[in-house]
Each structure stands twice: as C-alpha cells, then as structure tokens.
There are 2 protein chains.
Amino acid sequence: MLNRAVPEPAAPAFAALETPVALVDLPRLERNVARTAEYCRAHGFAWRPHAKTHKILAVAHLQRRAGAVGLTVATAREAEVMAAAGADLLLAHPPFGSARLDRLMALPDEVRLSVALDSAESLRGLAEAARAARRRVGVLVEADLGTRRAGVQSPACAVDVARLAADAPWLDYRGLMFYAGHLRMRPEQQREPIAALSAALAEFRGALEDAGLPAEVVSGGSTATLLRSHEVAGLTEVRTGTDVFHDRTTAALGLCSEDDCAYTVLATVVSTAVPGQAVIDAGSKTLSKEELRAEGRGYGALVGHPGVVLSGLYEEHGILDLSGTDWRPRLGERVRVIPNHVCVSVHLQERVVVVRGEEVVDQWEVGARGRF
Amino acid sequence: MLNRAVPEPAAPAFAALETPVALVDLPRLERNVARTAEYCRAHGFAWRPHAKTHKILAVAHLQRRAGAVGLTVATAREAEVMAAAGADLLLAHPPFGSARLDRLMALPDEVRLSVALDSAESLRGLAEAARAARRRVGVLVEADLGTRRAGVQSPACAVDVARLAADAPWLDYRGLMFYAGHLRMRPEQQREPIAALSAALAEFRGALEDAGLPAEVVSGGSTATLLRSHEVAGLTEVRTGTDVFHDRTTAALGLCSEDDCAYTVLATVVSTAVPGQAVIDAGSKTLSKEELRAEGRGYGALVGHPGVVLSGLYEEHGILDLSGTDWRPRLGERVRVIPNHVCVSVHLQERVVVVRGEEVVDQWEVGARGRF
C-alpha cells in the first residue's frame, strides 16, 4: 500500500500524537462514502470519485468496495498510485508534453484509462502517444457549461473533437465530461441553475447525436450539486470529491453538518501572550490559507468552539481570535480544526492518523500527493 | 544529503521537464545569498537565515559557506534536516508536548540548540526535557514589538521568563528574539516604524539589563526590514527568509527586482478554450492560493508577461486573464510563474530543479518539508 520507502512506525496513542497532525475519523469517513454510494446506486449513476481530495489508496479501496466504478485523477502521480485501486481511471486534466504522456502510457496494462480534453491539439498528442504505446485510451470531450475554466465552448466544437477521437486508431471516443464548479450554492438555491445546466447539456448531447457520435458517457462533477445530480437530464456518471471528508465550506453551504466532517487537524495552543487571542501550531503550511468560499470568516472552524475565529495564518502559527467567546485555552491545550478546503490541506500532509473518536486505529500515507 | 529513500534520476534536459515543476536559478540564488551575507558582514550582524523558506539542505550549505552563523528553524523536521548544515540552530517556535521535545533533545550532540519562547509554561517543559536528556539548551525570550502574533507583552514579563531560564540548571538564557512581521512596507516608508521598533526594543533591553539579565543576543527577523536592520538599535542577529529566493511580494514591495526572483514554477498551457483566458497546469497545489500582501492582483506573476493576471487558481488549474495583453499563448506553450509567497510554494514541492537560465544543473530534494 505504501508507494515510497517511508518508515511506518506503530500508531501512537492519541495523547502522544505530535501536532500539528491530520486526523481522519473512520466512522465518519465510512458514513460519507456509504451515503454517496447509496445516492448513486439509487439513481443508477456510475460513481467515479475524484482521488485528488484524499490521495490515499486505502480511501480509494473503501470507495471501490462501496461501489465506485473507478476513480477520477488529475495528475500522473494520482493515476500511478490509484491504478492499484481502480482498474478504471479518468484523467480529468488535458495532458500535454511527452513526459506526462509517457507516464500515462506506462500505467499497468490492466488499467482502463480515459482522458478528458477540450482541444484538437491535446487530442493529437494523446492519439500519437497511444499509437506509439499500442494502448487503447478512452476520450471524453470536456464541455464548458458555465464554469469558464476549460471545456469546448460550443456543441459544434464538441463534435469536431469527438470526431477526431472517433477517427484515431487507438482512441475510443466515449462521450462528454463537464465540471459544474460555478454552482457553488446552498441546495435550496440550485433548482434554476441545475435546470439551466440540463438545457446546456441537452444542446451538446443533441449535436453529438445528430453527428452520429452519441455520448455513451456523460460525466458530471461538483460536490455542491452532488445530491441534485438526478435533476441533470442525461447524466450517466457522477464525479465527487470533497464529500468523502467534507469541510468547512461544504458545511457552510448546508451540504453536511459539522458532525460529518471526517478530516480535522489536531493542533496545540503554543502562545497566549497577546491579549484576546491564542496561537496554535497549525498555520498555512498545514491548513492552507484559502478564504472560505461561503458565508463565514477565517481560515477554519474550531471543533466545539463556534465563537472562535481562526483569523490569521502564518506558516506555522494560526491565530485564534477569542473576542467572540468566553473560552480561554490554556497553553498546551489541544484543539481540532476543520479546514476551509480539505483537498488542499490533505495535500500538505505526508500521512493521516486514522481515529475512532480519540482512539488511534491506523495511519495512512497520502501516497499520491507528490509529483514524482 | 537525501533524507528519504527517494530515487534520484539523472537531471533531465530542460525541454523534457514534466510540468508543473519548481525551478531554482542558481546564479540568482547565489547572488541573493551573497547580498544578504555581505550586508550582515558590513554591519557586524550575526546572520541566521530561516530554513523554512527553502527547506533544502544544499541551500543551507550555501548560506553557511557565505557566512551564516547557523540557521533558524520552525519545526522539529526542519531542525533534524538542518542539523547537518548548522551546528547552531534556533527553533523560533515555542515547543509543547513530549513528542516534540523528545525530537529536539534527540538532535545530534554537536548541535548547539536554542529555543525562542514566550511563556513560563513553555520554558518549564523545555527545562524538564533538557534536564532529563542532560542537554544544554539556549533560550531567547520572544518579545512582541508590534506584530501581535506571539511574544511577551511587557519588559516585566520578559524579565520573569528570562529569570526562569537563567535559573534552570540545563538552560542557558541568551537574550531576546522578535519578529517584525507587521513592518510589511516599502523601504522608503520604513524609517518611522523602525525608529518605533528601536524604542520598544530599548525598553525590553533596559529592563533585562536592570534585572542583571542583559541580552547577549538580540535576534530580529523580517524580510521587509532586512536591509534597514542597522537602524534597529541594539540588534545583534538578523534572521532572513524570503530573500534567499525572493518572490512577487518582495518584488512588489520594492525589496528586489523581478530579475532577483530565483524560484519560479514552470507550467504548461493546457487549455485556451474559454475566450480571453488560458489555463496552465499549475494551481493551488503547486503555487498556493495566497493573496498578494502588497499592491497587485492575482496569484503570481508571469515572467515576461506583465499584462497577464493569474486571476484564479483551482487545485491543478491556473487561470490566466489575457484581457490586459495582446499575447495569446498556444496550447503546450510553457510559462514561468513567480509565486506570491515563495515559502508556501516551496513547501508544496518534493524537489526543485536547479537551472542556469534554461540549462538544468542539478535537482535538490526539499528535505525538510514534511513533519516526520
């Protein structure tokens, strides 16, 4: 299960853990995985969770056992590590350059690889690499349905790229992929935007069908819209990410409760010298200094202390603003922080300590976080 | 030099580098190191660069050879890795908990260790650990001169902690430490704030002297004020960080030119589908999504393209806003990005590729970035 020669010490007791350290609560993780798996099963969706959120092979195995058809990955490293858990991988990032393409073509033969892309240039490079490696590679055409990040802008462009894929000897055109990252809102606000998404998607699907290139796969992603995916007409596959752990953002958006957050950072109070605040040993190099993309201030939520604002992050110092609470932590006291954005905090950890409440049950390497 | 069993391939040619990848320009690095070393030598300061910025043993060796008296570290891991380069280490972060203290006490015997702290509680834990390990440890009392992060708030408190240190059998009280992170301004704006800093510092130094506990070491840090350190009365030691690489922030503050920035991220344009923008394969997991703490928009500067704004970062996608430029990158084109805050971007890399312009000369592991 380990991908590098990291010495794996026996799991220490909770009280002996050196901070800052990332914790994953196993019962919550299992509950989150089961919930998404059940939703996808109930609606007949193929479920392809994105490994970028956890980057942990053991978590990928959990998702596969719960019914995931395969995994989504964003980097070559994620593909290499997750190959062991997912005989079926979708790279949701257009590959360029021979170094990247060579790594993808060198994935184990048993991996069924698909790639999402949005340009003839990217497709030609992939076609050439697949031909040289004599490897079949699936292609999804990425369409932009409003996020304005990547993706072909018109149904006509989608048809052009799909046709190139269908005509390339070693490529298998499979369908459409989109990312609905612009729908970052509370569930009750989503009905109209999701209807608009369905309408835009229908145009792409119709044009492909008219061109004799019907999309067998229609893969959609976005944690915010996850549990409304059945309102998106024509969707066949759901890519999920953050929901495996949840975080302060998904809680603030009403997609989960704080009790669903399976990932926290355990930190120690190291200074209370400045009046009205306390300093913990988790800063931007542990939590990541990302603003909350929802209502709320600060860089994370302190478990059990809703009145505390994590108002500032230096690299190894986190500032707790105590002006909204009567709680006065003592030096050496430990606290747990739910990060604003769990994916980037996980990416900062070498490993996570797996707990059941305050019982340490395992340690997992974050094996896919690197590049090499 | 390597701390983990990472396979170290032969350095690839520049054109063959897989992106995103961090580059360190060796001539610029050497020039930055020489400039700070010369400044400290000219003014008679002990120079103790902070390893947190680079986390690379080879860079620490460069700094030591240029005259650094030792290194500053923030984590136990940094201390363990940098022990090989600095017989003299200052831990600028109050240690709490037996796990952390045990690691510090287990540093090689030849390491002269000092710790900066701001409380009797932290000092008592350190004193106990030093006694148990029969290891002499130096103590600097951290004073808050205006940053409001950590540090004792009054000269009387400084005297209390200094006395505890002086009285502890295995501890050696050495003096004062402060971090002037609040002076984040252009050099021409600094005269008055530095005068205020000197005045505040004089009160702490005076109280300690009056108590029979004169500060032999007065250690100050902040890249922004670095080259005005000689205006701070009583300073004996200078801790520097960002200046080893420089970044978009120090350039925006007028502390260096863009040509001094030794660290860049090489990235590839992977999508131009959305009109008016382009997407690169460096996102928040490579650059870190930190706002610029100076004038200017976006999450990094594109070398050679001042009109481009890196307007958005997803995890593995960076959005280039092209509305302010005529430049239209082609797909597959490579660009170099100077991050807003170099310390957090380095922390995201397993290794850096060392270059002279576009010639690859070496690869260095970012050996101290982990926790374990």
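**Interface and sheets of the predicted model**

Colleague: How many residues of chain B are in contact with chain A?
Modeller: This is a predicted model, and contact here requires heavy atoms within 4.5 Å. On the chain A side, 65 residues take part. The number for chain B is 65 residues.

Colleague: What rotation superposes chain B on chain A?
Modeller: The superposition leaves an RMSD of 0.0 Å, with 0.0 Å of shift along the axis, and the rotation is 180°. The two copies are thus related as by a two-fold rotation axis. The same surface serves both copies, since 100% of the contact residues of chain B recur in chain A. The rotation asked for is 180°.

Colleague: What area is buried between chain B and chain A?
Modeller: The size of an interface is often given as the accessible area lost when the parts come together. Carbon and sulfur atoms give 53% of the area buried between chain B and chain A. That buried area is about 5,900 Å².

Colleague: How many salt bridges does the rule find across the interface of chain B and chain A?
Modeller: The rule asks for a side-chain nitrogen of Lys or Arg within 4 Å of a carboxyl oxygen of Asp or Glu. Arg100(A) and Glu18(B) meet it through their side chains, at 2.9 Å from N to O. Across the interface of chain B and chain A, the count is 9 salt bridges.

Colleague: Which element of chain B gives the most to the side that touches chain A?
Modeller: Across this interface, 31 residue pairs are in polar contact. On the side of chain B that touches chain A, the elements that each supply at least two residues include helix 3 (76–82), helix 4 (98–105) and strand 11 (277–280). The element that gives the most, with 4 residues, is strand 10 of chain B.

Colleague: Which strands stand at the edges of the open sheet in chain A?
Modeller: This sheet has 8 strands with parallel pairing, in the order 2-9-8-7-6-5-4-3. Each edge strand has a single partner strand, so one side of each is left without a neighbour in the sheet. The edge strands of chain A are strand 2 (46–47) and strand 3 (71–73).

Colleague: In strand 9 of chain A, which residue stands opposite Trp47(A)?
Modeller: Strand 2 of chain A pairs with strand 9 (residues 237–239) of chain A in the parallel sense, over 2 bridges. The residue opposite Trp47(A) is Val238(A).

Notes:
Residues numbered from 1 in each chain as written. Chains lettered and ligands numbered in written order. Predicted model: local features only at pLDDT ≥ 70, side-chain atom pairs only at ≥ 80, totals over all residues. Heavy atoms only, no water. Least-squares fit on C-alpha atoms with pLDDT ≥ 70 in both. Buried area = accessible area lost by both parts, 1.4 Å probe. Polar contact = N/O pair within 3.5 Å; in protein donor to acceptor, adjacent residues only side chain to side chain. Pairing = 2+ DSSP bridges.
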